[in-house]
Amino acid sequence: MIDRETVHIHDILSPVSLVEFSESFRAGDIRTVLCTPLLREGVAIGAIHVRRPEVRPFTDKQIALLKTFGDQR
């Protein structure tokens with residue numbers, strides 16, 4: 001949210017992701033994550049977070065749609 005950027009993690013349990021994110025994800029059923037900030041006048045006021053229990057990256061079309069929702073004014 002600080003960078004006002006969308007984050008797309010294909011596999012939360014990959015070694016690279018575990019370095020950046022908490023190992024507590026190992027106990028859950030979350031594998032693929034997509035998160036985009038909710039922006040008002042360029043300021044992040046929240047986030048939309050969607051996830052999947054399997055490794056299945058979101059499509060470019062799905063990512064663009066989520067970004068559209070997040071950029072409502």
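These legends accompany several close-up views of one predicted model.

View 1. Welcome to the predicted protein chain, which has 2 helices and 3 strands. Of the 73 residues in the chain, 26% count as buried. The accessible surface comes to about 5300 Å², and carbon and sulfur atoms hold 55% of that surface. Take the contacts between residues at least 6 apart in sequence: 47% of them join residues at least 24 apart.

View 2. The mean pLDDT of the protein chain is 81, with 78% of its residues at 70 or more. Which element has the lowest confidence, and which the highest? The lowest is H1, with a mean of 65, while helix H2 (residues 60-70) is the highest, at 92. A friendly caution belongs here: where pLDDT is low, the predicted coordinates should not be read in detail.

**View 3. Histidine 10 and aspartate 11, side by side in a loop.** Histidine 10 lies in the loop between E1 and H1, and aspartate 11 is found in that loop too, between strand E1 (7-9) and helix H1 (15-20). Is aspartate 11 buried or exposed? Aspartate 11 counts as buried because its relative accessible area is 18%, under the 20% cut-off. Histidine 10 has a relative accessible area of 43% and is therefore partly exposed. The side chain of aspartate 11 makes a polar contact of 2.8 Å with the side chain of arginine 31. Arg31 is also touched by histidine 10, along with Thr32, Val55 and Pro57, when residues up to four places away in sequence are not counted. For the pair histidine 10 and proline 57, the C-alpha atoms are 5.1 Å apart in space, although 47 residues separate the two in sequence.

**View 4. Threonine 36 and its partners.** Threonine 36 is found in strand E2 (residues 32-40). With a relative accessible area of 3%, threonine 36 is buried. Which side chain does threonine 36 join through a polar contact of 2.6 Å? The partner is the side chain of threonine 6. Setting aside neighbours within four places in sequence, threonine 36 is in contact with Thr6, Ala47, Ile48, Leu66, Lys67 and Gly70.

**View 5. Alanine 47 and glycine 70, two of those contacts.** Both Ala47 and Gly70 are among the residues in contact with threonine 36. Alanine 47 lies in strand E3 and is partly exposed, with a relative accessible area of 37%. How far is alanine 47 from glycine 70, C-alpha to C-alpha? The spacing is 7.3 Å in space, for residues 23 apart in sequence.

**View 6. Glutamate 41, between two strands.** The place of glutamate 41 is in the loop between E2 and E3. Glutamate 41 is exposed because its relative accessible area is 75%, and the cut-off for exposed is over 50%. Its backbone deserves a look: phi of glutamate 41 is near 55°, a positive value in a residue other than glycine. Most residues other than glycine have a negative phi. Glutamate 41 and glutamine 72 are 31 residues apart along the chain, with 9.2 Å between their C-alpha atoms.

**View 7. Valine 43 in strand E3.** Valine 43 is found in strand E3 (residues 43-52). Its relative accessible area of 48% makes valine 43 partly exposed. Which residues does valine 43 touch, not counting those up to four places away in sequence? They are Arg4 and Leu38. Aspartate 3 is 40 residues from valine 43 in sequence, and their C-alpha atoms are 9.9 Å apart.

Definitions and conventions
Residues are numbered from 1 along each chain as its sequence is written. This is a predicted model: local features need pLDDT of at least 70, side-chain atom pairs count only at pLDDT 80 or more; totals for chains, interfaces and linings use all residues. Side-chain values use heavy atoms; hydrogens and water are left out. Helices (H or I, at least four residues) and strands (E, at least two) are DSSP runs, numbered from the N terminus. Buried means under 20% relative accessible area, exposed over 50%, partly exposed in between (1.4 Å probe, protein chains only). A polar contact is a pair of N or O atoms within 3.5 Å; within protein, one must be able to donate a hydrogen and the other to accept it, and residues adjacent in sequence count only if both atoms are side-chain atoms. Contact means heavy atoms within 4.5 Å. pLDDT is the predictor's confidence in each residue, from 0 to 100. Accessible areas come from the Shrake-Rupley method with a 1.4 Å probe; for residues, only the protein chains shown count as cover.
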